[in-house]
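Please read the following with the sequence and the coordinates open side by side.

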Amino acid sequence: MEQFFTQLTNGLAVGGIYALIALGYTMVYGVLKLINFAHGDLFTIGAYLGLTLLTSLALTDHIGGIAGILLLAVMAMGLVGIIGILLDRAAYKPLRTSPRLSAVVSALGASIVLSNTVMLVYGPSTRVYPQGLLPSQVFYIFGLPVPVMRFIILGASILLMIGLYVFIQRTKIGTAIRAAAIDQDAARLMGINVDRVIMLVFFIGPALGGAAGVMVGLYYGQITFTMGWTYGLKAFTAAILGGIGNIPGAMVGGLLLGVIEALGAAYISMAWKDAIAFFVLILILIVRPTGLLGERVAEKI
Amino acid sequence: MKPAAGQIRKTAYAAIILLWMVAPLFIGKYWTDVLNNVAIYAVLGLSLNIILGYGGMFHMGHAAFYAVGAYTTAIVNTAWGVPVLWLMPAAGLAAGLFALVVARPIIHLRGDYLLIVTIGMVEIVRIALINNVFGITGGANGIFGISSPSVFGFQVNSIVAPAHYFYLVTAFLAITIVLFYLLENSRFGRALKFLCSDEVAAQGSGINTAGYKLAAFVIGAVWAGMTGTLYASKMGFISPESFSFWESVVMFMIVILGGSGNIAGVLLGAALIIGLPEIFQGLQQYRLLIFGLALMIMMIFRPQGILPPKPRSYPIDKLEKNEVSF
């Protein structure tokens, strides 16, 4: 029971991180019908920028631990968001009218460029986040241990997700994003600046990914330049699991995948942990390609 | 004007073939080995080209089939001492069967979904190899002591004499080029290209699209599996590292950058992507960065690759004499 509970909380914390990354995939896919392969690398950049800001600005010393980390996360999010917009300008904007698969290949190229830029700037070895920034206490619920860190990670990702959901559902700009996702041409006719919407999507998605990067750094304590690929694929699986293009779907899919993976690693096999997500991915695409919350759309001919 | 252009092309091809054949006599062991790698990747690129170039299926897990072939060879050779070259058909068969089982349920997936599923497939295969699946793959260390190929009793050791191996792999490359050229111009090749350019129209014309796609997958896999035999016998040892996702990316880039759907384009792609980094060794650490940029720039300015296939022509004078078949 205790092991189950430990794995469950671990899975939820990691799942929250997957969900944040998955939101970036799903938002871009919703508006552009493009798998942004470079999204995982934007997440990596977020983790590295977080580390740089953490060590160079020493914010946590000046204004206290939690406030310092919050400020730092916001800065990292903004920077990654700007990189996201630049990425769109360089790799995807020239290909808006080309066949979709050209854009996918370009995305793959962009992914290689970003991850190797990180390697050239920060070096190929694993980098370590300073420890002890988040409280490491453990509190007990009905005698079952819950590390505070997991609680904070899950809480932060849920807060960000709720924020995004309210923004998308309740604001005028959010409505514009939803309209552009449904039908770009119609949205344009209604006076929506679709280019601006795409720019915004390429800011918000990567910013959330950047936040997830900082969280992984704080949670696991170490980061590598190749981690974006694995996290990206898993988050993409989460997006598919929930139904790609569907924002609540990405949240549900992320948490679900995190829990499946943690429980699978504990009860099936630790060595096969990384393969579990891929099995889920293949299974869901074969059985229900629209995902759990996706709507079935007939393919247009 | 036209015959002259054709003449120049033929002369150029003949000169390249001649240069390729005599190259090991003039360059050292190291560079011969580079050419061996170029040849191996050229065959791999050509086998992927059947799936990606003619079939238009975005398959990024080709290293999985290559791995199945190489491991089949390594396991049978080290366990029972069967000569490696005899294992080539077995390796091809194993990879083909694997492709048949794996590709069957995913063949209907649309472009980018297929891409992501094949990435998942190659990762699962790599993790399975590391985890020493069935207790026969040797785990993360891989398998050692694979014997070198022997042709009519003549030992071809790629480490002692890369030039000998060069002619072996060149022979395989030549056979591959001829067979795939015939395949490209066969009823099968035409059907594949048709369904690649317009699947609905192809289906409407009575082409069994799912069947053809699956067949393309299996043919590509069989060839990659046989190339796996060559690779295993060249290295003498194999490990999961040699079949990572990046291997698949390299093959993918060879086809896309060279010119998907065109044999000459794929050969050029292999020479550029495998050969060029050896020439610019000072830039070794920027290699992937440059390839990534090249992919982005090519997609914007020349998405069809450096040497795209020429549109198929049906000369009217030959048509009337019934020399061209449909």
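What follows is a walk through the two chains of this model.

The model is predicted: local features need pLDDT of at least 70, side-chain atom pairs count only at pLDDT 80 or more, and totals for chains, interfaces and linings use all residues. Residues are numbered from 1 along each chain as its sequence is written, while chains are lettered from A and ligands numbered from 1 in the order in which they are written.

Chain A comes first. Its secondary structure holds 12 helices and four strands; helices (H or I, at least four residues) and strands (E, at least two) are DSSP runs, numbered from the N terminus. The C-alpha trace of chain A spans about 55 × 45 × 40 Å along its principal axes. Its radius of gyration is 19 Å, in agreement with the value near 19 Å of a compact globule with 301 residues. That radius is taken over C-alpha atoms, and the globule rule is 2.2 Å times the number of residues to the power 0.38. Of the 301 residues of chain A, 50% count as buried. Here a residue is buried if 20 or more other C-beta atoms lie within 10 Å of its own, exposed if 12 or fewer, and partly exposed in between, with C-beta atoms placed from the backbone. Among contacts in chain A between residues at least 6 apart in sequence, 77% join residues at least 24 apart; two residues are in contact if their C-beta atoms, placed from the backbone, lie within 7 Å.

Chain B can be described in the same terms. It has 13 helices and two strands. For 326 residues the globule rule gives 20 Å, and the radius of gyration of chain B is 20 Å, so chain B is as compact as a globular protein of that length. Its C-alpha trace spans about 60 × 50 × 45 Å along the principal axes. Buried residues account for 46% of the 326 residues in chain B. Among chain B contacts between residues at least 6 apart in sequence, 77% join residues at least 24 apart.

Next come the helix pairs. Two packed helices are described by the angle between their axes and the distance between the axes. In chain A, helix α1 (residues 2-32) packs with helix α11 (residues 247-267) at an angle of about 145 degrees, and their axes are 6 Å apart. Axes are lines fitted to C-alpha atoms, for helices over the stretch in contact, and angles run from 0 to 180 degrees between N-to-C directions. α1(A) passes α11(A) in a right-handed crossing; a crossing is left-handed if the near helix is turned anticlockwise from the far one by less than a right angle, and right-handed if clockwise. The residues of the contact of α1(A) with α11(A) divide into 17 nonpolar, 11 polar and one charged. In this scheme Ala, Val, Leu, Ile, Met, Phe, Trp, Tyr, Cys and Pro count as nonpolar, Asp, Glu, Lys and Arg as charged, and the others, Gly among them, as polar.

In chain B, the axes of helix α7 (residues 187-197) and helix α9 (residues 209-235) come within 10 Å and cross at roughly 115 degrees. That makes α7(B) roughly perpendicular to α9(B); angles under 35 degrees count as roughly parallel, over 145 as roughly antiparallel, 65 to 115 as roughly perpendicular and the rest as oblique. α7(B) passes α9(B) in a left-handed crossing. A191(B), L192(B) and L195(B) of α7(B) make the contact with T209(B), Y212(B) and A216(B) of α9(B). By class, this contact has five nonpolar, one polar and no charged residues.

Three residues of chain A show the local picture. N10(A) lies in helix α1 and is buried, with 21 other C-beta atoms within 10 Å. Not counting residues up to four places away in sequence, N10(A) touches R150(A) and A262(A). N10(A) and F151(A) are 141 residues apart in sequence, and their C-alpha atoms are 9.3 Å apart in space.

K33(A) sits in the loop between α1 and α2 (39-57) of chain A. Most residues other than glycine have a negative phi. K33(A) is not a glycine, yet has a positive phi of about 55 degrees. K33(A) is partly exposed, with 14 other C-beta atoms within 10 Å. I158(A), in helix α6 (residues 148-170), also counts as partly exposed, with 16 C-beta neighbours inside 10 Å.

Finally, where do the chains meet? In all, 29 residues of chain B are in contact with 33 residues of chain A. On the chain B side, α4 (87-106), α5 (111-130) and α12 (287-301) each supply at least two residues. α5(B) gives the most, with 11 residues. The residues on this side of chain B divide into 22 nonpolar, five polar and two charged.
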